[in-house]
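Dear colleague,

I am handing over the structure we spoke about, and it is placed just below. After it you will find an account of what turned up in the coordinates, arranged by topic.

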Amino acid sequence: MARLNSELQLANQETARLLEEVQHRDAFRGELIQRITNAQESERKRIARELHDGTGQALTGVALGLRGLAAQISRDPEIVAKRLAVLENMATTSVGELRLLINDLRPPQLDDMGLAAALRWLVERFQDQERPRVILEVSGESEDLPSEVETTLFRVVQEGLTNAIKHANADHIWIVLNYAERISVTVRDDGIGFDPVATMNQTSATRTSWGLAGMQERCNLINATFTLNSKPGQGTAFTVHLVDPNILEAPNANSSVNYR
């Protein structure tokens with residue numbers, strides 16, 4: 001009886017620990033969802049503001065200009081021709097701004113040509129800046145992956161690249177897409193690095209690792225493992241490995257996160 005009582009106490013302690021862990025994870029996910037929702041609303045406001053202040057006003061100007069030219073077309077053709085050139089330039093600029101906005105929302109290369117092409121487009125956006133230099137490497141024969149998988153991998157790389165540019169103070173950032181054997185994508189920089197364990201263990205009030213948390217959750221949804229390697233002064237690298245690209249939801253046993 002004493003032995004059984006001892007075993008029961010240990011079992012109760014383990015159950016309590018697991019329950020606390022589940023509650024902590026649920027609370028963390030709730031906070032993450034709230035931050036994602038806030039970020040989505042902020043992005044919607046930004047898009048609405050850009051459409052109103054940029055494209056919307058330009059198209060209004062074009063419409064008013066055309067209306068005014070209709071009355072002058074027979075009286076002064078030369079002035080009409082000059083103003084038409086100005087209006088054409090305004091319309092062309094608006095189309096360019098609208099295209100950039102659409103590409104920011106979802107690059108057409110991702111749907112038309114796949115993940116590798118979308119990553120090349122992403123890297124090309126940073127080619128004109130001196131620092132950091134962003135380099136893409138693709139190895140192995142490219143494969144057609146499910147749309148959800150390619151979208152998730154693209155967003156994870158985009159988030160990692162944004163974090164590195166903002167925080168790493170790096171000279172180089174490497175993106176490696178590997179189709180050989182087990183499909184994986186790695187983002188690595190030669191920046192200042194950080195302590196992953198200390199960063200992820202911050203309290204909610206001081207947490208600065210929401211980007212990492214979001215990347216981990218995205219990886220869980222496509223049955224992928226997320227491995228982060230970083231040390232202060234030694235740069236940062238993270239790798240996403242696909243376990244099975246045809247399974248879009250990962251069981252807890254397969255969705256692992258490793259910090260090194």
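The largest nonpolar core has 37 residues, and L153, I175 and V240 are the ones with the most contacts inside it. Please keep in mind throughout that this is a predicted model. Two or more residues of this core come from each of the helices α4 (115-124), α5 (147-168) and α7 (210-221) and from each of the strands β2 (172-178), β3 (184-189), β4 and β5. The largest share is that of α5, which gives eight residues to the core.

Leaving aside residues up to four places away in sequence, V240 touches L153, V156, I183, S184, V185, C219, A224, T225 and F226. L153, which is in this list of contacts, is itself among the residues with the most contacts inside the core.

Next, the aromatic rings. The count of aromatic pairs comes to one. This pair is formed by F226 and F238, whose ring centres are 5.5 Å apart and whose planes make an angle of 20 degrees; the pair counts as stacked because planes under 30 degrees apart are classed that way. It links distant parts of the chain, with F226 in strand β4 (residues 224-230) and F238 in strand β5 (residues 236-242), 12 residues apart. Both partners are buried, since the relative accessible area is 1% for F226 and 5% for F238, and buried means under 20%.

A ring also takes part in a contact with a charged group: the charged end of R188 sits over the ring of W174, at 4.2 Å from the centre of that ring.

N169 has a phi near 55 degrees, which is a positive value in a residue other than glycine, and its place is in the loop between α5 and β2. For N223, phi is near 60 degrees, again a positive value in a residue other than glycine, and this residue is in the loop between α7 and β4. Are these two asparagines buried or exposed? N169 is partly exposed, because its relative accessible area of 48% falls between the limits of 20% and 50%, whereas N223 counts as buried, at 1% relative accessibility.

With best regards

Key:
Residues numbered from 1 in each chain as written. Predicted model: local features only at pLDDT ≥ 70, side-chain atom pairs only at ≥ 80, totals over all residues. Heavy atoms only, no water. Phe/Tyr/Trp six-rings, centres within 6.5 Å; stacked < 30°, edge-to-face > 60°. Helix = DSSP H or I, 4+ residues; strand = E, 2+ residues; numbered from the N terminus. Buried < 20%, exposed > 50% of the residue type's maximum accessible area, 1.4 Å probe, protein only. Lys NZ or Arg CZ within 6 Å of the ring centre and 35° of its normal. Core = buried A, V, L, I, M, F, W, Y, C linked by side-chain atoms within 4.5 Å. Contact = heavy atoms within 4.5 Å.
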